[in-house]
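Biologist: Could you walk me through this model? I have a few things I would like to ask.

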Amino acid sequence: MVDGVREPEMSPPREVLLSVRNLKTYFPQDEGLVRAVDGVSFDLYPGATLGIVGESGCGKSVTARSILRIVDRPGRIVEGEIQFRRPAADGGTGGGQVVDLAKLAPNGPEMRTIRGAEIALIFQEPMSSFSPVHTVGNQIIEAIRLHQPVSRRQARDKTIEILRRVGVSSPEQRVDQLSNQLSGGLRQRAMIAMALSCQPTLLIADEPTTALDVTTQTQILELMRQLQQEDGMAIMLITHDLGVVAEMATDVAVMYLGRMVEQAPVDAIFHAPRHPYTRALLRSIPRIRSRSRERLTPIAGSVPHPYDRPTGCPFHPRCADFMAGTCDRLAPSLRPVGDQHAVSCFLYE
Amino acid sequence: MSTLREPLLRVAGLQKLFPIRKGFLKRTVGYVRAVDGVGFHIDEGETLGLVGESGCGKTTTARCILRAIEPTAGEIFMRVSGGSVVEMGRLRRAELRALRREMQMIFQDPFTSLNPRMTLLDLVGEPLLVHGMKSRREREDRVADLLRRVGLRPEYMRRFPHAFSGGERQRIGIARALALHPRLVVADEPVSALDVSVQAQILNLLFDLQADFRLTYLFVAHDLSVVRYISNRVAVMYVGRIVELAETDEIFNAPKHPYTAALLSAVPEPDPRTRSRRIVLQGEVANPASPPPGCYFHPRCPHAIEVCRTQAPAWQEISRGHFVSCHRAYELHLAGVD
């Protein structure tokens, strides 16, 4: 299994923060069983950013929701482990207790102390993630008081301080505004403020900038990077945008129809991709540096509907290197092909 | 791209104000200046990319051209198939309707822009019926032809759109737009709702159709990489105005407006080795209901000087075919993407 990150030279080997093994989350539907996440494994270290890339239906969001144990019914985790290292009781960095989130009751007391405090989530749509009838401040104050033994007054001061930290101007006024009084960029900042209010060790960002304009996206990515440097949290960045991944991630996992097809440090994914899907995807996207009006090389076909999942390797009907008799019959597994680089493809077996 | 002929489309002084009404009597208390004095032309067979961030007025501009909404002011000249040039605001309803055959739209969202109760035959055949092709046999032949042309199998004609993926639905929308042999196609974010791996298919299709049918595109998008790929020339909009317009490679390699340069530098590239210092603009896009004085971009502009705060910059041709409205266009040296 590949590690989630290159070890920095300075510190002794750090302990893995999150280790997901063979996670399977299925949705039984009238039309059939949807294998939204079908055997996903990865490791994530403190201070690292793992980019999870894939197109619609690849299971990237369900993976995130599985970790937080907020999978919508009738979906459920049917197999696998989600080992999460909780922060040490004294607030120190190492030596916390490791729990398997997949074994916890989704609404039990332990999961509820972890969710929102130790693992925080920011979504794509900042408009629908805040209540429209409560002030932004009150919602952050509530989040703080849910997890920390502070007074309302202290929580409010803390909220103003954290809003200032995420770059909200005049936070003393903004704290009493409703979310619809804020612009898209400010709302996303407020959501980041709420996510960071309890100093999580893991931040899951699900398409955090997809709904934003490109100049606002730059501001938000810059902010996330800066906050990560200061707090040392790990980020799991879920996106379909290969540009955002290249900009932010230390490591990348590429998903297709519930499977992880390739996993590697960011430079290897973009400069030495091995899986035919990763390669084809990188060839197909228009680039800002290309010459204008130059033909693109598209991937044939489209992502299959989850009910019609192909047999064998899920990518085989669209694959340029398809080998009849193998790829359509057998499912490849993720195997190491180089230093911290793993691929799930019969070309490398 | 300059020709002696009149361009296919010429827009001058286009303006669209949306009134802001307040109170019981719904009195007008101000205007959102969605489009505020936009002018450009598109030659036949050419693609003009119209880019900008949300709320900059690019979609409103497109809709005014198609007369889906009435502009407040301005003129839109179209060279019709006979060769004569008409000003659309002066047309009567019947004349406008005849002209509508020549200009069609491709929409952003293939999931909501197709009626789920209509088969492909009805969807693609409807414009034919409306414009007088009464024979069902004839319509079926034409629809089969169109479906084949956009890469769908004619056998699918009796199916409903829900049976198709996003990319296939966008092909249906394109077939419908092409049914009446339009000359101008306005595409509003035609690939932004599609999966990354499908975008290239649709872009290549638009490219091929343009060559085959000598189509002229007004391509509205926020994704600069897509715009670079498809456009001959690019116009950049900011708060209701075009701030820069030039040939595609020129505007990407040698932008003259600080907003264009910031926009270009903000695009995250799919290459971790190019992570560079980006121009991080401060603040947010100005409110078109109360834009700042002077140049609308000055509160966010890293190069703003005193004159920018008080005077609106003039629209000037800085080199052949390269237009910009910036007080400092001649002195600034801005970086492009290359």
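## Backbone, packing and contacts

Modeller: Gladly, and keep in mind that this is a predicted model. Let us begin with Glu189(B), which counts as partly exposed because 19 C-beta neighbours lie inside 10 Å.

Biologist: Where in chain B is the place of Glu189(B)?

Modeller: Glu189(B) has a positive phi of about 50° although it is not a glycine. Its place is in the loop between β7 (184-188) and α6 of chain B.

Biologist: Is Leu257(A) buried or exposed?

Modeller: Leu257(A) also has a positive phi, of about 45°, and it is not a glycine. It lies in the loop of chain A between β9 (251-256) and β10 (259-265). A residue needs 20 or more other C-beta atoms within 10 Å to count as buried. Leu257(A) has 23 of them, so it is buried.

Biologist: Which loop of chain A holds Pro74(A)?

Modeller: The peptide bond leading from Arg73(A) to Pro74(A) is cis, with omega near 0°. Pro74(A) itself is found in the loop between α1 (60-68) and β4 (76-85).

Biologist: At roughly what angle do the axes of helix α4 and helix α5 of chain A cross?

Modeller: The contact involves Gly137(A), Ile140(A), Ile141(A), Ile144(A) and Arg145(A) of α4(A), facing Arg152(A), Ala155(A), Arg156(A), Lys158(A) and Thr159(A) of α5(A). By class, that makes four nonpolar, two polar and four charged residues. The crossing is right-handed. The axes come within 9 Å, and the angle is roughly 120°.

Biologist: How far apart are the C-alpha centres of domain 1 and domain 2 of chain A?

Modeller: Domain 1 covers 129-199 and domain 2 covers 272-348. The distance between their C-alpha centres is 42 Å.

Biologist: What radius of gyration does chain B have?

Modeller: The C-alpha atoms of chain B fill a box of roughly 70 × 55 × 50 Å along the principal axes, and 45% of its 338 residues are buried. A compact globule of 338 residues would have a radius of gyration near 20 Å, and the value for chain B agrees, at 21 Å.

Biologist: Which helix gives the most to the side of chain B that touches chain A?

Modeller: In all, 40 residues of chain B are in contact with 39 residues of chain A. The side on chain B has 19 nonpolar, 10 polar and 11 charged residues. Helices that each supply at least two residues include α5 (166-178), α7 (224-230) and α9 (258-266) of chain B. The most, eight residues, comes from α6(B).

Note on methods. Residues numbered from 1 in each chain as written. Chains lettered and ligands numbered in written order. Predicted model: local features only at pLDDT ≥ 70, side-chain atom pairs only at ≥ 80, totals over all residues. Domains from an automatic or database assignment. Axes fitted to C-alpha atoms, helices over the stretch in contact; angles between N-to-C directions. Helix = DSSP H or I, 4+ residues; strand = E, 2+ residues; numbered from the N terminus. Left-handed = near helix turned anticlockwise from the far one by under 90°. Contact = placed C-beta atoms within 7 Å. Nonpolar A, V, L, I, M, F, W, Y, C, P; charged D, E, K, R; others polar. Rg over C-alpha atoms; globule rule 2.2 N^0.38 Å. Buried ≥ 20, exposed ≤ 12 C-beta atoms within 10 Å, placed from the backbone.
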